[in-house]
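Let's walk through this model together, one part at a time. Keep the sequence and the 3D view open beside you as you read.

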Protein chains: 2
Amino acid sequence: MGAIQMLQNDAMREHIISRFDEMSPQLQQAARYLLEHPREVALVSMRELSRNAGVQPSTMTRLAKFLGLSGYEDIRAHHAEAIRFRTDGFAARAMQHTSEGEQDVAGAQLSRRMLQGLAAQIAQLSEPASLDRLSAAAEQLAHARKIFVLGLRSCHSVAWQFHYVMTLLGDKTIHLDGPADTVGDGLIRAGAEDVLLVISINPYALHSLELAQLAREKGLGIVAITDSEVSPLVGIADQAILCSTESQSFFHTLTPALAISEVLCGLLANKDRTAALEALQRADRHLLSLNTYASAIPRRRI
Amino acid sequence: MGAIQMLQNDAMREHIISRFDEMSPQLQQAARYLLEHPREVALVSMRELSRNAGVQPSTMTRLAKFLGLSGYEDIRAHHAEAIRFRTDGFAARAMQHTSEGEQDVAGAQLSRRMLQGLAAQIAQLSEPASLDRLSAAAEQLAHARKIFVLGLRSCHSVAWQFHYVMTLLGDKTIHLDGPADTVGDGLIRAGAEDVLLVISINPYALHSLELAQLAREKGLGIVAITDSEVSPLVGIADQAILCSTESQSFFHTLTPALAISEVLCGLLANKDRTAALEALQRADRHLLSLNTYASAIPRRRI
DNA sequence: TATCATATAAAACAATCGTTGCATCGATCT
DNA sequence: AGATCGATGCAACGATTGTTTTATATGATA
């Protein structure tokens with residue numbers, strides 16, 4: 001499990017960061033993993049660590065030498081020491097904050113309340129009841145010919161994420177979106193073998209409901225991600241997955257809904273792991289050939 | 001140097017204590033050392049541990065079998081897990097029980113692992129270090145004349161959410177997005193009083209980095225939501241907020257990034273609560289007059 | 001005291017560890 | 001194009017790991 005462990009007053013960490021740019025790609029990949037999983041370094045063997053980081057074992061040794069250390073053992077010893085002597089940081093560090101300005105403290109408290117609330121809401125989704133709904137929804141989506149994805153206004157985030165991830169796996173999804181009031185056009189060729197995944201929360205966008213209703217009339221299966229048992233979508237959906245949207249701020253939160261969407265993607269990919277892997281590799285190659293990604297700030301062209 | 005720490009309500013710990021009296025002297029000596037140095041168990045090899053405990057290596061194995069475990073590796077794994085999950089408490093508890101089964105059960109387990117991992121990651125964002133970064137970022141965004149929001153590909157979700165919420169508050173944000181390669185056009189009228197909020201995770205979209213670099217050259221402030229201390233964005237951003245992106249599935253997760261974005265929105269709205277409330281009411285009235293929302297499935301028109 | 005059962009130490013074992021040398025690959029420069 | 005150099009994957013190495021087996025020591029019982 002990934003855990004960015006942000007503050008340890010750590011010389012080695014700084015050292016790795018400062019020399020990161022000079023490293024070769026493989027060394028960078030290893031270094032990045034070290035930075036983002038400092039705990040694992042102390043807890044697992046180098047070989048296992050390198051497996052998880054996606055590099056060769058020797059790369060870890062080479063990284064150590066690159067950093068001027070005698071070997072990997074130095075890296076591990078350092079991280080183990082960091083764990084041993086971490087004063088129970090949380091309470092201590094929270095204390096030092098109380099001396100700062102009022103506004104800042106109020107802000108930090110709001111942040112913390114929001115984040116811990118979100119964590120709790122997502123943890124709640126892992127209860128058996130929602131797990132069952134997730135499985136059932138994934139099942140229906142898996143058997144669909146095409147999946148039409150609809151999320152308007154704030155829910156566009158979730159719809160986009162689902163569609164984007166699924167395009168990496170294939171062309172099963174069609175995102176119902178577009179300018180000039182063409183949102184629903186995708187449904188023209190939709191039929192009974194298809195499924196509509198609709199995301200909508202209170203207040204429910206009228207257009208989403210209309211399109212969901214239309215889809216129902218055309219015989220599509222309907223899977224909904226929504227926020228309540230009494231959401232209008234529950235009535236017309238075959239499967240409804242409920243997410244809480246309450247936040248300690250002015251706005252509703254879509255974070256739990258996004259989590260649900262990501263879990264659905266994970267479940268769908270998991271139905272055929274080898275096919276998923278293959279599709280992802282194909283997508284990788286495609287994007288690579290298009291020069292879509294970079295790992296450093298590029299020199300600007302012209 | 002030995003210190004009893006870790007107030008873990010630990011099943012293995014209880015077990016060792018409850019059977020302590022039945023143990024032979026050597027087993028007791030080993031067990032006592034385990035109880036008093038739980039951290040060391042996860043950090044050093046069994047042979048070194050037994051050296052420090054003053055017993056033979058085989059005694060550790062025998063202790064494990066005495067406790068009904070298959071071997072010493074179980075003991076180490078358990079203590080490593082305790083260290084991994086020391087921070088988050090509630091996510092740790094549910095993590096324990098796992099029962100194997102069929103495909104559906106496997107799916108449910110994947111779901112649960114993903115959700116609990118996400119919950120833990122978001123809970124970690126509530127540590128003081130990230131709270132500081134959030135406050136600082138919100139501060140810079142608050143003082144900006146305009147906020148340009150940039151998130152491409154998978155990060156579009158987050159960029160959209162931030163922009164959408166902020167449009168409810170006013171017209172301070174400009175979403176850098178669009179078809180026909182017009183993504184960057186919004187920056188034409190950007191200047192030194194403005195700030196760019198850029199969201200990008202590994203693999204980093206080349207275009208995002210280029211635009212961020214351009215913005216930097218035009219004198220804009222830069223706030224980044226990204227995934228690593230060594231992300232290329234960290235170098236050019238004034239503020240970088242780090243989110244973990246690891247998931248127990250094939251794909252990266254954007255849920256923590258979305259949570260960060262929502263917290264930023266919350267902090268910004270919180271700077272002037274009355275103004276925020278007023279703006280939201282105005283937005284409500286506007287959307288009401290446009291008949292954007294509904295609370296029941298409408299009859300389809302025409 | 002002789003015998004036996006158990007607890008402990010010592011040694012042997014395969015597996016895995018971190019490391020190193022070598023071959024290969026791809027980029028850069030004559 | 002050919003040469004050169006660093007980066008990288010691979011395979012083998014000795015060292016060390018956790019475990020198992022064997023031998024020794026211990027202590028109780030008859």
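Two strands are said to pair if DSSP finds at least two bridges between them. Helices (H or I, at least four residues) and strands (E, at least two) are DSSP runs, numbered from the N terminus. This is a predicted model, in which local features need pLDDT of at least 70 and side-chain atom pairs count only at pLDDT 80 or more, while totals for chains, interfaces and linings use all residues. Residues are numbered from 1 along each chain as its sequence is written, chains are lettered from A and ligands numbered from 1 in the order in which they are written, and side-chain values use heavy atoms, with hydrogens and water left out.

With those terms in hand, start at the sheet of chain A. Strand E1 (residues 147-151) of chain A pairs with E2(A) in the parallel sense, over three bridges. Within that pairing, A:Phe148 sits opposite A:Ile174 of E2(A). Zoom out, and you find an open sheet of five strands in chain A, with parallel pairing and the order E2-E1-E3-E5-E6. Strand E2 (173-175) and strand E6 (239-242) of chain A are at the edges with a single partner strand each, so one side of each has no neighbour in the sheet. From one strand to the next, the twist averages 20 degrees. As background, strands of a sheet pair through backbone hydrogen bonds, either parallel or antiparallel.

Now look at the helices that lie across this sheet. Contact here means heavy atoms within 4.5 Å. Axes are lines fitted to C-alpha atoms, for helices over the stretch in contact, and angles run from 0 to 180 degrees between N-to-C directions. Helix H9 (residues 128-142) of chain A lies across E1, strand E3 (195-199), strand E5 (221-226) and E6 of chain A, and runs at about 135 degrees to E6(A). Helix H11 (residues 206-217) of chain A lies across E1, E3 and E5 of chain A, at about 155 degrees to E5(A).

Is strand E3 (residues 195-199) of chain B mostly covered or uncovered? It is mostly covered, with five of its five residues buried; buried means under 20% relative accessible area, exposed over 50%, and partly exposed in between (1.4 Å probe, protein chains only). B:Val195, B:Leu197 and B:Ile199 point one way from E3(B), while B:Leu196 and B:Val198 point the other way. E3(B) has a parallel pairing over five bridges with strand E1 (residues 147-151) of chain B, where B:Val149 stands opposite B:Leu197. E3(B) also pairs in the parallel sense, over five bridges, with strand E5 (residues 221-226) of chain B, and B:Ala224 in E5(B) is the bridge partner of B:Val198.

The loops hold some backbone details to look at. Most residues other than glycine have a negative phi, and most peptide bonds are trans. In chain A, a cis peptide bond joins A:Asn202 and A:Pro203, with omega about -5 degrees; A:Pro203 is in the loop between E3 and strand E4 (204-205) of chain A. In chain B, a cis peptide bond joins B:Asn202 and B:Pro203, with omega about 0 degrees. A:Arg153 has a positive phi, near 55 degrees, and belongs to the loop between E1 and helix H10 (156-169) of chain A. At 26% relative accessibility, A:Arg153 is partly exposed.

A residue is near a strand if one of its heavy atoms lies within 4 Å of it. Of the 19 residues around DNA strand D, A:Ser24, A:Arg62, B:Met46, B:Arg47 and B:Lys65 come nearest. Sugar and phosphate make up 62% of the atoms of DNA strand D that come within 4 Å of the protein. For polar contacts, the cut-off is a pair of N or O atoms within 3.5 Å; within protein, one must be able to donate a hydrogen and the other to accept it, and residues adjacent in sequence count only if both atoms are side-chain atoms. A polar side-chain atom of A:Arg62 lies 2.5 Å from a base oxygen of DNA strand D, and one of A:Ser58 lies 3.2 Å from a base nitrogen of DNA strand D. H5(B) gives the most to the surface near DNA strand D, with five residues.
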